[in-house]
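Trainee: Could you take me through how to read charge pairs, buried helices and record annotations in a model of this kind?

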Amino acid sequence: AQRLKQGLSRTREQLGKQLTGLFSLGGKIDEDLFEELETILLTADVGIEATQTLLDQLRSRVKKDKLTEAAQLQGALQDALITLLQPLESELDISTHNPFVIMMVGVNGAGKTTTIGKLAKFYQAQGKSVLLAAGDTFRAAAREQLMVWGERNNVTVIAQDGGDSAAVIFDAIAAARARGIDIVLADTAGRLPTQAHLMEEIRKVKRVIQKTDPAAPHEVLLVLDANTGQNAVTQVKTFDDVLGVTGLVLTKLDGTAKGGVIAAIAKSRPHPIRFIGVGESLDDLRPFVASEFVHALFE
Ligand code: GDP
C-alpha cells in the first residue's frame, strides 16, 4: 500500500490534496462547494460524464443522510469513486487456456514493452512459464529490447529479422504449444488510432492469431499512458471498435497528475483495468483494486 501511495504521489498531490483541502475548511455544504469540487475533478481529467455521475451521487447522499458539513463529503466522495471504479476490477484469469495468449496493443511509448517485462516477471513469480513474441516488427529496437530482456531473465523470445508481425506471433504460439508454455505475451507495433492502415494491420494480426485457436487471443490488452489524460479515453474507444479490447493496463500513474482519467474510462468504456503501472522498475506493476486505489489517493 505504501508503494502504491508513492506511485500515485502526483495524482495524490493534485487530486487528493485539493479535495482534502476543500473538505477540511470547516465549511458547510453548499452550491459553491459543489462547484469547486467540479472544477477539481475536471482538472484531474476525471472527465465530464464521470464528474457528473460523482456529483449526482454526492447530492443524493447529502439528501439521504442529511449531511451539512463539508467534511462529511470526503468519505461520501471516496465511496462514490469506489462504486464507480469497482466494475473495472477484474483479475485476468489465465487458467482458461494453455497457452494463454495475451496480445499487447497501444500507441508508441505507452509502455507496452516495459509492461511485457513486468508481466513476465509477475507470472513467473507465480510459477508460470512465459514466452515472448517480438511482434513489433516495425522497430528493430523494440525487438532488440525484448531479446535483451528475455536473455537477462531466462525467458524465450521468438523473433524474426524483418518479417511480419502476424507470422512472428503465429510461430511463437506454435512454439509455446510445443513446449507446454503457459503464457504467450505478444508485442505489437505501436500505432495511433488515426492511422487507418495500421489499425487494419492489427486487425489482420488478430485474425492470424485466431487461426491458432478460435478463442485466441485470450486477452487483447490495451496499454494506456495515464499522462495522455482524456486522449486515453479516445484510444480505448478506437482500439475497442477495431479489435475488441478485453482489458486495460494504465501505465505511468506515478508520473502524472491525471490519474482521474481512470474514472473517465469507467464511464465511457468500462473494460477491466487488469494492471496499473506505477514506476519504471519491474516490480512497479499492480493488479487494479478500486478501494486500494481510492484510499491511496486520499490517505
Ligand atoms: P512502448 O513503445 O509502448 O513499448 O513503450 P516502452 O515500454 O518502451 O515505454 C516507454 C517509456 O515509458 C520507457 O521509458 C519506460 O521506462 C516508461 N514507462 C513504462 N511504464 C511506466 C510506468 O508505469 N511508470 C513510469 N514512470 N514509466 C514507465
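**Reading the features**

Mentor: Over residues 272–285 the chain is 0% helix and 43% strand, with the end C-alpha atoms 15 Å apart; helices (H or I, at least four residues) and strands (E, at least two) are DSSP runs, numbered from the N terminus. This is a predicted model, in which local features need pLDDT of at least 70 and side-chain atom pairs count only at pLDDT 80 or more, while totals for chains, interfaces and linings use all residues. Residues are numbered from 1 along each chain as its sequence is written, and side-chain values use heavy atoms, with hydrogens and water left out.

Trainee: Which annotation covers residues 272–285?

Mentor: The unreviewed UniProt entry gives "domain: SRP54-type proteins GTP-binding" for residues 272–285, and annotations from that record may be inferred rather than shown by experiment.

Trainee: How many residues of helix α11 are buried?

Mentor: Buried means under 20% relative accessible area, exposed over 50%, and partly exposed in between (1.4 Å probe, protein chains only). Helix α11, residues 261–268, is mostly covered, six of its eight residues being buried, namely V261, I262, A263, A264, I265 and A266.

Trainee: What is a salt bridge, and which side chains does R269 meet in one?

Mentor: Side chains of opposite charge can pair when their charged atoms come close. The rule here asks for a side-chain nitrogen of Lys or Arg within 4 Å of a carboxyl oxygen of Asp or Glu, and by this rule the count comes to 18 salt bridges. R269 meets D240 in one of them (3.1 Å, N to O). Because D240 lies in helix α10 (residues 230–243) and R269 in the loop between α11 and β7 (273–277), this pair ties together parts that are 29 residues apart in sequence. R269 also forms a salt bridge with D241, the closest N and O atoms being 3.0 Å apart; D241 too lies in helix α10, so that pair ties together parts that are 28 residues apart in sequence.

Trainee: Which residues are linked with R61 in a network of salt bridges?

Mentor: R61 is linked with K64, D65 and D79 in such a network. Elsewhere, D136 and R139 meet in a salt bridge (3.5 Å, N to O), where D136 is buried at 4% relative accessible area and R139 is partly exposed at 38%.
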